[in-house]
Structure formats: C-alpha cells, structure tokens
Amino acid sequence: MNVILGVSGDIGSFSEEAALKYIEQSNLCFELKYLIDIEGVLSSLSENSIQYGIFPVVNLRGGLVKTAFEAMGKYHFKYKENISIKIEHNLITKNEVSLNEITTIVSHPQAFAQCQKYLKSNFPNIEYIEWKNTALAARNLSDGLFPLNTAIIGHKKTASLYNLKIREEKIQDELQNLTTFIIVENI
Ligand SMILES: O=C(O)C(=O)Cc1ccccc1
C-alpha cells in the first residue's frame, strides 16, 4: 500500500508545490491526496485515511496562517518537519477578459496578504473574495462559478491546468516570498 501525503490544496496549489519539493528532498515515496484545505488534511489524518499531511503555517509578509492555527487547535497530531518555499503569485483570468474589466478577485487570504501593495495600487476599489485554496479558485473560475470579470491569484501552473490566462506575473510584495509549511503525522 502506498504511503499517502495529504495536501492542503487542489492540483496546482502552493501546498502541492511544497509537497513535491519535500518528496524530492527527502527521497521518500508518497502518493499525494488533494484535500483542499488544512481542515481537510487534519481530519483525514485523524481518521487514518492518510499517513502524513502538509500545510502552510507562516509567511514573513502574510504572517501566521490563521486557518492553520484554528484547525491545529481541534486535532491531535505530531509535528515531523518543516519546509520553506519561495512563492510567486500571478494574476490570472479567463482568456477573453482584459485587466481593466476585472471587478472581482478570488484567492486564499494568504495570497491577498502577500500581494497587499500590488492590489492596493492596481485594484483599490474592487471586490475581494476569500477562497479555501488558490488552485480551487482557478478551477472554479474555469468551471464558471464566478462572473466572467473575475481574476484569481495563484500559481502560474494553474493557468495551463485550468485553461486560464496569466495577466500579470510575480505580483507578490516581497521578491523572496518564503512560506513555511509543516509536515505532520499521526500520534
Ligand atoms: O491556496 C494555496 O494554494 C495554498 O496552498 C495555501 C497558500 C496560499 C498562499 C500562499 C501560501 C499558501
């Protein structure tokens, strides 16, 4: 049976990127399971349907990942190790939308926190919607869940994965935008 590493994101999320880097560095063989958010990871771990989990806990610009601390207070688990990755954010829309037509941006709260300066100077008066995960936002935009004039902030690979278009690259406030993820296991 394969050992499963639960990811707090969808395909194309930053948590997936951290998981892939962890697998490469540790030389361990894991199957990834996409559990969308931190609650999904920790609940699956407590039910023993996964053996390990990975999720973000802190970023220098965005601060503590609030949802991580809320979920960590609800479950018992063991800390295994941590890994930090450099995160680059991108503004992504459907193919037919131009920048001046954007009325809404959907993303994970950490993405908004890490792109504050960019958003304040470029989109001061639009609607912001917090979503469970950046890659899920991309998938849902592609599926037509949001109005056409919606952008998401996420990993550049979500554009090709979900048939979307990158409008602006590297929009994070810090060039070296490191986020730390932790790998956890059952007690
Ligand atoms: O939403 C994601 O893709 C995540 O993995 C959570 C996240 C979001 C923004 C920065 C770091 C982690």
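**View 1. Strand β3 and its pairing with β11.** In β11, Ile182 is the bridge partner of Phe55, and seven bridges in total join β3 to strand β11 (residues 178-185), the two running antiparallel. Strands here are DSSP runs of E with at least two residues, and helices are runs of H or I with at least four residues, both numbered from the N terminus; two strands pair if DSSP finds at least two bridges between them. The model is predicted, so that local features need pLDDT of at least 70 and side-chain atom pairs count only at pLDDT 80 or more, whereas totals for chains, interfaces and linings use all residues. Residues are numbered from 1 along each chain as its sequence is written, and side-chain values use heavy atoms, with hydrogens and water left out.

**View 2. Further neighbours of β3.** Strand β1 (residues 3-7) runs parallel to β3 and is joined to it by three bridges, with Tyr52 of β3 as the bridge partner of Leu5. Strand β4 (residues 63-64) runs antiparallel to β3 through two bridges, Val58 standing opposite Leu64, and a hairpin of three residues links β3 to β4. Seven of the eight residues of β3 (residues 52-59) are buried, where buried means under 20% relative accessible area, exposed over 50% and partly exposed in between, with a 1.4 Å probe and protein chains only.

View 3. Thirteen residues lie around the ligand, and Ser13, Phe14, Ser15, Asn133 and Thr134 come nearest; a residue counts as near if one of its heavy atoms lies within 4 Å. A polar side-chain atom of Thr134 lies 2.5 Å from an oxygen atom of the ligand, a polar side-chain atom of Ser15 lies 2.6 Å from a ligand oxygen atom, and a backbone N or O atom of Phe14 lies 3.0 Å from an oxygen atom of the ligand. The protein covers 100% of the 320 Å² of accessible area that the ligand has on its own, as computed by the Shrake-Rupley method with a 1.4 Å probe.

**View 4. Two cysteines.** Cys29 is exposed, with a relative accessible area of 68%, whereas Cys115 is buried at 0% relative accessibility. The structure holds zero disulfides, a disulfide being a pair of cysteine sulfur atoms within 2.5 Å.

**View 5. The annotated span.** An unreviewed UniProt entry places the feature "domain: Prephenate dehydratase" at residues 4-186, although such annotations may be inferred rather than shown by experiment. The end C-alpha atoms of residues 4-186 lie 12 Å apart, and the span is 31% helix and 31% strand.

Terms used. A polar contact is a pair of N or O atoms within 3.5 Å; within protein, one must be able to donate a hydrogen and the other to accept it, and residues adjacent in sequence count only if both atoms are side-chain atoms.
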